[in-house]
Amino acid sequence: MASASEGLEAPRGWFRKGLRIQSRVIGALMMRDLHTRYGRENIGYLWLVLEPLFLATAVGLIHSRTANHFGGDMKPVPAALIGYCNFMTFRTLIGRAEGALEGNVSLFYHRTISPFDILFSRALLEQAGTFLAFCILMGLAIATGMANPPARPVLYMLGVLAMMLLSFNLSMMVCGLTHDRRAVGRMIHPLIYLMMPLSGAFFTMNAMPKQVRDILLYVPMAHIYELMRYGWFKSGHDEYIDVGYLLAWLLVTMLLGLLLISTARKRIHMQ
């Protein structure tokens, strides 16, 4: 019995040790990326929050004077902030995925660092900055009466997590596909902006004609935004949220992303 328990403890110990090492690697990569992008001069790391804060503030101010065309308790400012702040995560992660491997070739001399680590650390960093900016702006909107607190905060956070995972998975795919393929990279940014009107960021599925809605629901982001709005607003609708379809997208894109960055890693030549 003692040998059997020791045999079970050994894999657990290896797993915990590996998890600690991987956590340190991700943390170090996040600090490196922070220092590389923002440095330590002037306000330095605060730009991580201020950059999305300025953009989201502009969007919120534009919608602050518009009529409540969503209906119910979906006021324009919180609806715009939910739409734009979360789309910023999608746009930034995928937009910065091109060339991520080429720009970090020297890091692969360390055996503990993989392409997954580089992309995942960026995803955590971008999500942290965007979510912090969202919390600041939404807090101000709630304090001034332009927004209500979330009705179902757990569901809203699940929507945020789903958006981050989808964006991260797609960023792995983009990173793998654009490595050594510059022509493919030029198509990424136009496709990102094409996704904005198709994502459901600034309209509800309930407001769309059935023929249009049936097409838009093929886009996984539409389900994520419906989940977010259902989580935040009491009058949100859940009938257009297909959890199974969304989970299938997350699983398939993750597997494809891991396969593509693994293949791209083999084509990197260390000098």
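**Where to start: I192**

Which helix does I192 lie in? I192 sits in helix 6, and since this is a predicted model, everything below describes a computed fold. I192 counts as buried, because its relative accessibility is 4% and the cut-off for buried is under 20%.

F90 is 102 residues away along the chain, yet the two C-alpha atoms are 8.3 Å apart in space.

**The overall layout**

The chain has 9 helices and 0 strands. Read in sequence order, the pattern is simply α-α-α-α-α-α-α-α-α. The chain runs to 271 residues, and 44% of them count as buried.

After helix 5 comes D180, with a positive phi near 65°.

**Salt bridges**

How many salt bridges does the structure hold? There are 3. As background, side chains of opposite charge can pair when their charged atoms come close.

Take E126 and R96 to begin with: their closest N and O atoms are 3.2 Å apart. This pair links distant parts of the chain, with E126 in helix 4 (residues 115-143) and R96 in the loop between helix 3 (76-95) and helix 4, 30 residues apart. Is E126 buried or exposed? E126 is buried, at a relative accessible area of 8%, whereas R96 is partly exposed at 25%.

Another bridge joins the side chains of K210 and D214, at 2.9 Å from N to O. Both residues lie in helix 7 (residues 210-216), 4 residues apart, or about one turn of the helix. K210 counts as exposed because its relative accessibility is 52% and the cut-off for exposed is over 50%. D214 is partly exposed, with a relative accessible area of 35%.

E226 and R229 also meet in a salt bridge, 3.1 Å from N to O. They are 3 residues apart in helix 8 (residues 220-232), so about one helical turn separates them. An α-helix has 3.6 residues a turn, so residues three or four places apart point the same way. As for cover, E226 is buried, and so is R229.

**Two surface patches**

Which residues form the positive surface patch? The patch is made of R16, K17, R20 and R24. R16 is found in helix 1, which spans residues 2-38. R16 is partly exposed at a relative accessible area of 44%, so it clears the over 30% cut-off for joining a patch.

There is a nonpolar patch on the surface as well, formed by M187, L191, L194 and L198. Together these residues have about 360 Å² of accessible area. M187 belongs to helix 6 (residues 182-195), the helix that also holds I192. M187 is partly exposed, with a relative accessible area of 49%, while I192 is buried at 4%.

M146 lies in the loop between helix 4 and helix 5. Its relative accessible area is 35%, so M146 counts as partly exposed.

N206 is found in the loop between helix 6 and helix 7. N206 counts as partly exposed, at 37% relative accessibility. For N206 and Y240, the C-alpha to C-alpha distance is 8.1 Å, with a sequence separation of 34 residues.

How values were computed
Residues are numbered from 1 along each chain as its sequence is written. This is a predicted model: local features need pLDDT of at least 70, side-chain atom pairs count only at pLDDT 80 or more; totals for chains, interfaces and linings use all residues. Side-chain values use heavy atoms; hydrogens and water are left out. Patches are made of residues with over 30% relative accessible area and no salt bridge: like charges are joined within 9 Å, nonpolar side chains (Val, Leu, Ile, Met, Phe, Trp, Tyr) within 5 Å. Accessible areas come from the Shrake-Rupley method with a 1.4 Å probe; for residues, only the protein chains shown count as cover. A salt bridge is a side-chain nitrogen of Lys or Arg within 4 Å of a carboxyl oxygen of Asp or Glu. Lys and Arg count as positive and Asp and Glu as negative; His and the chain ends are not counted. The place of a charge is taken as NZ of Lys, CZ of Arg, CG of Asp or CD of Glu. Helices (H or I, at least four residues) and strands (E, at least two) are DSSP runs, numbered from the N terminus. Buried means under 20% relative accessible area, exposed over 50%, partly exposed in between (1.4 Å probe, protein chains only).
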